[in-house]
Amino acid sequence: MSGMKKCVFFDRDGIVNQSPGPGYVERWEDFHLLPDFVESLRIVTALGYAAIIISNQQGVALGCMTAETVDDMHRRLRDILKKQHGLSLLDIFYCPHKSGTCDCRKPKPGMILEAARRHGINLAESWMVGDSPGDAESGKAAGCRTILVGEKASPGLADVTFRDMGEFRSEIKNLLSKGGISL
Ligand SMILES: [Mg+2]
Ligand SMILES: [Zn+2]
């Protein structure tokens, strides 16, 4: 599969920005970018991986926020990454649908598969990183290697687990430089 990109897919809430808990990030004021994500993005980019966010945002279907608000948040996020850190995301996908009504909401692999089609990504050389079991499930179903971060990251749910984004940041270079662990 030469000429195809490899990618690190990142869940959003809890990985890119502070988890809002059980609710949704409904306003930009509540979007708190995690410095450990920014540094991790710098590392994966330097290692030649594209980076794409894959996010469930059911709050749109539930009327908590509009798609325009989410799109605006993502524009601001990409702007900050570019202007303040010199970093880029290749794309951002989110599912605005209600659970059980679509083929894209994680744990389904729909968004990752669509990203791979659109951008020519070799999924076998790519990783999905998240903080919920459904993130790992979607990555696995898409044929990626999987990483879970945080308290829901019990071994067995993902190929690799980390305590928090700080540990992820310090270990990710090693993990990706190995050209993949033997699984
Ligand atoms: Mg999450
Ligand atoms: Zn969906």
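Visitor: In which loop is P107 found?
Guide: The model is predicted: local features need pLDDT of at least 70, side-chain atom pairs count only at pLDDT 80 or more, and totals for chains, interfaces and linings use all residues. Residues are numbered from 1 along each chain as its sequence is written, while chains are lettered from A and ligands numbered from 1 in the order in which they are written. Helices (H or I, at least four residues) and strands (E, at least two) are DSSP runs, numbered from the N terminus. P107 sits in the loop between β3 and α3 (110-119).

Visitor: What is the omega of the peptide bond from K106 to P107?
Guide: The bond from K106 to P107 is cis. Its omega is near 20°.

Visitor: What pattern does the protein follow along the sequence?
Guide: There are five helices and six strands. Read in sequence order, they give β-α-β-α-β-α-β-α-β-β-α.

Visitor: What is the radius of gyration of the protein?
Guide: The globule rule is 2.2 Å times the number of residues to the power 0.38, and the radius is taken over C-alpha atoms. For 183 residues the rule gives 16 Å; the protein comes close to that, so it is as compact as a globular protein of that length. The C-alpha trace spans about 45 × 35 × 35 Å along its principal axes. The radius of gyration is 15 Å.

Visitor: In what order do the strands form the open sheet?
Guide: Strands pair if DSSP finds at least two bridges between them. The pairing here is parallel, and six strands take part in the order β3-β2-β1-β4-β5-β6.

Visitor: Which strands stand at the edges?
Guide: An edge strand here has a single partner, so one side of it is left without a neighbour in the sheet. The strands in question are β3 (91-95) and β6 (160-162).

Visitor: How many bridges join β2 to β3?
Guide: β2 and β3 run parallel. One bridge partner is F93 in β3, paired with I54. Of the five residues of β3, four are buried. The bridges joining β2 to β3 number five.

Visitor: Which residue in β2 is the bridge partner of V8?
Guide: Strand β1 (residues 7-10) is covered on both faces, with C7 and F9 buried on one side and V8 and F10 on the other. In a regular strand the side chains alternate between the two faces of the sheet. β1 and β2 run parallel, joined by four bridges. In β2, V8 is partnered by A51.

Visitor: Is L148 buried or exposed?
Guide: L148 lies in strand β5. Its contacts, leaving out residues up to four places away in sequence, include G130, D131 and L157. With 27 other C-beta atoms within 10 Å, L148 is buried.

Visitor: At what angle do the axes of helix α1 and helix α5 cross?
Guide: Axes are lines fitted to C-alpha atoms, for helices over the stretch in contact, with angles from 0 to 180 degrees between N-to-C directions. The axes of α1 (residues 35-46) and α5 (residues 165-177) come within 9 Å and cross at roughly 5°. That makes the pair roughly parallel, a label for angles under 35 degrees; over 145 is roughly antiparallel, 65 to 115 roughly perpendicular, the rest oblique. The crossing angle is roughly 5°.

Note on methods. A residue is buried if 20 or more other C-beta atoms lie within 10 Å of its own, exposed if 12 or fewer, and partly exposed in between; C-beta atoms are placed from the backbone. Two residues are in contact if their C-beta atoms, placed from the backbone, lie within 7 Å.
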